[in-house]
Amino acid sequence: MPVHDWTRVEDGIFHDFHLAWIGELRKALNRGILPAGYYALAEQIAGSVGPDVLTLQGNGASGEASVDDGDSSGGTLTLVRTSPQTRFTMPFTITGYVSRQRKLVIHHVSGDRIVAMLEIVSPGNKASNHAFRSFIEKAIGVLAHGYNLLLVDLCPPTPRDSHGIHAVISGELGGPAFAPPTGQPLTVASYEAALPGGNAYVDTLAVGDRLPDAPLFLQPGGHVRVPLEATYNEAYSGVPLRWRRVLEGATGPR
């Protein structure tokens, strides 16, 4: 199913869909995508309503999570070790940022240490200068703590992120200047944190495009593929018909 134009509906409709999508991602990750010993939890920012992010966790004194390849109940038995095939790959460097908030996190059963987060950008993250700066500082803070991050931004650019949210993050991390191809303003960006820097793997798309399966790093050089398209479709199936008609440009009675 192609990505919809969510500017057609009120922010509250996207918020409802956002909650459902987080839930579908959580189910998919916990039902076979994550290696044995990892799990995903839906978490929220203080003061928000409902889950905002998924978090993943792992153990290991060295900062790397272990993978129990002998436990067939854990789903995927090994991490993908080849570099993700995304449209853009670029390095970044982290200096002097502190994480203030959390989003979706992946945990490991031993020590329950956060290793990664997945976040879906909402219109509210871009609604004001304060909200936008808080979001950017939070995202960079996640990376500064050594957590890997997957950002999905289906909200069109604003004057605060005229080239998309990744361009802002890359600029603040000392990465190369970035501008999406013409007509592809939406972004899926996966950040592999390997302090003091890392690599960003970025795909761009437009309303009407299908979402890619995106890489989510659990440890340096190792990632799983997140089924964004399949989980988007599951979440969208629960959107009330009245609003699906608007999103799909249907005419006639609602």
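# Note on the predicted model: loops, helices and burial

1. Leaving aside residues up to four places away in sequence, Pro-180 touches His-163 and Thr-204 (a contact means heavy atoms within 4.5 Å). Pro-180 belongs to the loop between helix H3 (165–172) and E7; helices (H or I, at least four residues) and strands (E, at least two) are DSSP runs, numbered from the N terminus. With a relative accessible area of 21%, Pro-180 is partly exposed, the class between buried (under 20%) and exposed (over 50%), taken with a 1.4 Å probe and protein chains only. Its C-alpha is 9.7 Å from that of Val-202, which is 22 residues away in sequence.

2. This is a predicted model, in which local features need pLDDT of at least 70 and side-chain atom pairs count only at pLDDT 80 or more, while totals for chains, interfaces and linings use all residues. Residues are numbered from 1 along each chain as its sequence is written, and side-chain values use heavy atoms, with hydrogens and water left out.

3. The protein has five helices and ten strands. Its length is 254 residues, and 50% of these count as buried. Among contacts with a separation of 6 or more, 72% join residues 24 or more positions apart.

4. How far does helix H1 (residues 11–33) reach from its first C-alpha to its last? The 23 residues of H1 reach 31 Å, close to the 33 Å expected at 1.5 Å a residue; the expected span is 1.5 Å times one less than the number of residues. The buried residues of H1 are Ile-13, Phe-14, Phe-17, His-18, Trp-21, Ile-22, Glu-24, Leu-25, Leu-29 and Ile-33. An α-helix has 3.6 residues a turn, so residues three or four places apart point the same way.

5. Helix H2 (residues 129–144) has 16 residues, and the 22 Å between its end C-alpha atoms agrees with the 22 Å that it should span. Its buried residues are Phe-132, Phe-135, Ile-136, Lys-138, Ala-139, Ile-140, Gly-141, Val-142, Leu-143 and Ala-144. They pack against strand E3 (88–93), strand E5 (113–120), E6, H3 and E7. Just after H2, Gly-146 has a positive phi of about 85°.

6. Leu-195 sits in the loop between E7 and strand E8 (197–205). Residues up to four places away in sequence aside, Leu-195 touches Ile-94, Leu-143, Ala-144, His-145 and Gly-146. Leu-143 and Ala-144 are among the buried residues of H2, whereas Leu-195 is partly exposed, at 49% relative accessible area. Leu-195 and Phe-92 are 103 residues apart along the chain, with 9.8 Å between their C-alpha atoms.

7. In helix H4 (residues 228–236), the buried residues are Leu-228, Glu-229, Thr-231, Tyr-232, Ala-235 and Tyr-236. What covers them? The cover includes H1, strand E6 (148–153), strand E7 (186–194), strand E9 (213–219), strand E10 (222–227) and helix H5 (241–247). Strands E6 and E7 are also among the elements against which the buried residues of H2 pack.

8. Pro-159 is found in the loop between E6 and H3. Is Pro-159 buried or exposed? Pro-159 counts as exposed because its relative accessibility is 80%. The C-alpha atoms of Pro-159 and Lys-126 are 9.3 Å apart, and the two residues are 33 apart in sequence.
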